[in-house]
Amino acid sequence: MRVLRQLEPVAFVASVFVVGATAQTPQSTLPLEPARDRGASITPAYEGWYQNADGSYTMLVGYFNRNTKQTLDIPVGPDNKIEPGEPDQGQPTHFETGRQWGVFTIRVAKDFGNKTVNWTIVSNGEKQSVPFTLHKAYPITPFKERGMGNQPPALSFSPGGAKVTGPPAGISATLTGTVGQPVAVNVWVDDPKGSDGEEGAFGWDKTNIALISLHKYRGPGNVTFDKPRIPVKKQGEMVTGAATFTAPGDYLIRVQANDESGEGGAGFQCCWTNTYVKVSIQ
């Protein structure tokens, strides 16, 4: 039987405001307003921070696209930038609808102290900017959930290949393809805990150990997936999703793995895995 997990303080897109570092900032377009198909804003979402073995820190970041039907592509630049430093710090340039959890990370030095990182997104003429800090209210444990000891699924992209788990840390595989021709994305999946979710909890089927989903993250054209969400039935199983691209160029596909805790770990910053696959299309 599933029990309630220990609550960890995090910064997130709430129902009325965005919590960003040290302040609650009211937004001009509120999630409590009637949903809009298109024309609404995109808000950065700060999930929290964790410390690395070398003493540096990693900030985990997602976003909330308030549109119910409008996806947007916003290139890195004045309308999609991170400050200070280079405006391109690995953030997405393709924004899906709804809440997307922990899609990229920002690493800062161990002496970062009280400084601030800001992510600014301008969409449909509206500017949203959220500060990220190492505020003591927002530590997270994305690699192991404290209450239940749950851990994120582990992914590999070749038989016996290196496994990745938890927040995104880089490109896990590189593929090539041709415009208009499906490119197979093969993923081998293990879940350290296995399936113990109740039937129906967070929409979970207790026969699954994980659920893989595929997402466009960056790239010049449109991307379609034959199976955007793929259930994993057993440990070590290989699942395959095919991606088709409309234009030549380099793309990043985000591969996400959730266990029974659901999207965004049901609001707790564990336990899911995100990583990237680079696809070069001729």
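**Figure 1. Salt bridges across the predicted model.** Nine salt bridges are found when the whole structure is searched, and the structure shown in this and the following views is a predicted model. In one of these bridges, the side chain of Glu47 meets that of Arg99, with N to O at 2.8 Å. Glu47 belongs to strand 3 (residues 42-51) and Arg99 to strand 8 (residues 98-108), and this pair links distant parts of the chain, 52 residues apart. Both Glu47 and Arg99 are buried. A further salt bridge joins Asp54 to Arg107, whose closest N and O atoms are 3.1 Å apart. Because Asp54 sits in the loop between strand 3 and strand 4 (57-65) while Arg107 sits in strand 8, this pair ties together parts of the chain that are 53 residues apart in sequence. Arg107, with a relative accessible area of 54%, is exposed.

**Figure 2. The salt bridge of Glu83 and Lys81.** What is the N to O distance at which the side chains of Glu83 and Lys81 meet in a salt bridge? The value is 3.8 Å, and the cut-off for a salt bridge is within 4 Å, so the pair is counted as one. Glu83 is partly exposed, its relative accessible area being 37%, and Lys81 is likewise partly exposed, with a relative accessible area of 24%.

Figure 3. Ser156 has Trp188, in strand 14, as its bridge partner. In general, the strands of a sheet pair through backbone hydrogen bonds, in either a parallel or an antiparallel sense.

**Figure 4. Strand 17 and its pairing with strand 15.** Strand 17 pairs with strand 15 (residues 210-218) in the antiparallel sense, over four bridges. Opposite Val232 of strand 17 stands Ala210.

**Figure 5. The surroundings of Asn65.** Asn65 lies in strand 4, and because its relative accessibility is 1%, Asn65 counts as buried. The side chain of Asn65 is joined to the side chain of Asn67 by a polar contact of 2.8 Å. A polar atom of the Asn65 side chain also lies 3.4 Å from the backbone oxygen of Phe95.

**Figure 6. The largest pocket.** The space in the largest pocket is about 230 Å³. Its lining is made up of 17 residues, and those nearest the centre of the pocket are Tyr50, Pro167, Pro168, Ala169 and Gly170. Strand 8, strand 12 and strand 20 (272-281) are the elements that give two or more residues to this lining, and of the elements strand 20 gives the most, with three residues. By residue class, the lining of the largest pocket divides into six nonpolar, 10 polar and one charged.

**Figure 7. Ser280 in strand 20.** Ser280 is found in strand 20 and is buried, with a relative accessible area of 16%. The C-alpha atom of Ser280 is separated by 9.9 Å from that of Phe245, although the two residues are 35 residues apart along the chain.

**Figure 8. The largest cavity.** Two cavities of 30 Å³ or more are found in a search of the whole structure, and the largest cavity holds about 40 Å³ of space. In general, rolling a probe the size of a water molecule over the atoms shows where empty space is left. The residues that line the largest cavity are Leu60, Gly102, Pro142, Gly166, Pro167, Pro168, Gln269, Cys270, Trp272 and Asn274. The lining of this cavity divides into six nonpolar and four polar residues, with no charged residue.

Terms used: Residues numbered from 1 in each chain as written. Predicted model: local features only at pLDDT ≥ 70, side-chain atom pairs only at ≥ 80, totals over all residues. Heavy atoms only, no water. Buried < 20%, exposed > 50% of the residue type's maximum accessible area, 1.4 Å probe, protein only. Pairing = 2+ DSSP bridges. 1 Å grid on protein atoms, 1.4 Å probe; cavity = no way out; pocket = protein on both sides within 12 Å on 5 of 7 lines; lining within 4 Å. Points joined across faces, edges and corners; volume = space filled by probe spheres on them. Nonpolar A, V, L, I, M, F, W, Y, C, P; charged D, E, K, R; others polar. Polar contact = N/O pair within 3.5 Å; in protein donor to acceptor, adjacent residues only side chain to side chain.
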